[in-house]
Amino acid sequence: MAKGKKMGLFTWILIGFIAGILLGVAAPEFGQKLQFLGTILTNLLNMVVVPLVMSLLITAAADVGNMKKLGKRAGRTFCIFMLTTAMAILIGLIVANLFAVGQGVTIDLAGLTADETKEMNLLSTIIGIIPTNIFTAMSGANLLQCIFFALLFGFALTLLPDGREKEAVQHFFKGVAEVMKAITNIVLWFSPVGVFGLMSWVVGKYGLAILGPYAKAIAAVYVGCILHVLITQAGIMIGGICHRNPVVFVKEYLQTILFAVATCSSVATIPLNLKTAKRLGAAEDVADFVIPFGAVINMDGTAIYEAVAAIFAAQVFGINLSITQQIMIMLSAVLASIGTAGVPGSGLIMLTVVLNAAGLPLEAVGLLAGVDRFLNMGRMIPNIFGDGATSMVVSKLEGKLGKMMTEAEYEASVKAA
């Protein structure tokens, strides 16, 4: 077990993914019989996602409410993160539709865990977000209603006067969140088996043609991430708001990006990101707040992936998504990103939320888990750029944006200080 854990979860998922493909090719009839392993995985994800997301969002909303003590800086930072996340999802949806990421093979929906998709207008969708009975919403895994209630509960918690009762409620939900993280970690270790079963089934039934959409999905995620960096982060945030050269910004951040891609960790990249942002003009106190905060809440790359994955799921399962359903994908991904960033396998958890909100088959989580590591490397790019760009925008809004420095000039200024 110890040796297995040293290999890493996503290494095992990749092994399950490849082994499932090989079995599906070598013994297609037997491979089709292993679909039940994928069903177990989707049931386990369904089991954890409601209590996990609700406990995380209640504590996250309470923390966001408490950030008003930090002044305008926290509010500005949070709003920028949410706006750029929404922009990222929009870019992801556009790219995924242009690439037609799931077309080429249509998987039969019979027996899969998908709600019947139905046409909805925007007004009924907005009304439907508000639950009439939160326990019904929880038992039915209506995640948008659960998210609405959790955010409302968390913000209401900040309005209570400080005291033992308020602390008790906060500690309770923080405890629940920690327990659910542990349960989620256990569930994720079943992922390699579930992915193996799903790939054996889908390749056994539909052949190697199913691999075509994977290449398009990976390409769409990387194209979406690059476009978001160039248009939103370098173009609008650095060029438009900060009035700095976006080409220089991108060039100077390349070393930081390469480190982030290699480690696949926003948290591990914090020291290098702080140094780069300060060197490019971000105020020291602003960067020290924005970048650690962004490492655990700013998920632009993951948001692009969720959008691409939702379109992949809809097209590969032969489901037509309406504009309203695509708006629901945007809304659910933005809201879910508030609380799920610090969870192991957060991309898979967020994808479960998004697919549930759009009524799409959860089997898509298992189908995409096998290539998650390759996608994660691309997702890191806008996450790191976004934290740095936001620190510079907030510095600009506070009138603290300094000049860009070379590495030698920055080191000299640090020694002088």
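## Helix α10

Let's start with helix α10, which covers residues 191-206. Its 16 residues reach 22 Å from the first C-alpha to the last, close to the 22 Å expected at 1.5 Å a residue. (The expected span is 1.5 Å times one less than the number of residues; helices are DSSP runs of H or I, at least four residues, numbered from the N terminus.) Because 13 of its 16 residues are buried, α10 is largely enclosed by the rest of the structure. After α10 comes G207, with a positive phi near 80 degrees.

## About the model

This is a predicted model, where local features need pLDDT of at least 70 and side-chain atom pairs count only at pLDDT 80 or more, while totals for chains, interfaces and linings use all residues. Residues are numbered from 1 along each chain as its sequence is written, and side-chain values use heavy atoms, leaving out hydrogens and water.

## Salt bridges

A salt bridge here is a side-chain nitrogen of Lys or Arg within 4 Å of a carboxyl oxygen of Asp or Glu; the count comes to seven. One of them joins R279 and E252, with the closest N and O atoms 2.8 Å apart. This pair links distant parts of the chain, helix α13 (R279) and helix α12 (E252), 27 residues apart. R279 is buried at 6% relative accessibility, whereas E252 is partly exposed at 27%. (Buried means under 20% relative accessible area, exposed over 50%, and partly exposed in between, using a 1.4 Å probe and protein chains only.)

K278 and D288 also meet, at 2.9 Å from N to O. Together with E284, they are linked in a network of salt bridges.

Terms used: Helices (H or I, at least four residues) and strands (E, at least two) are DSSP runs, numbered from the N terminus.
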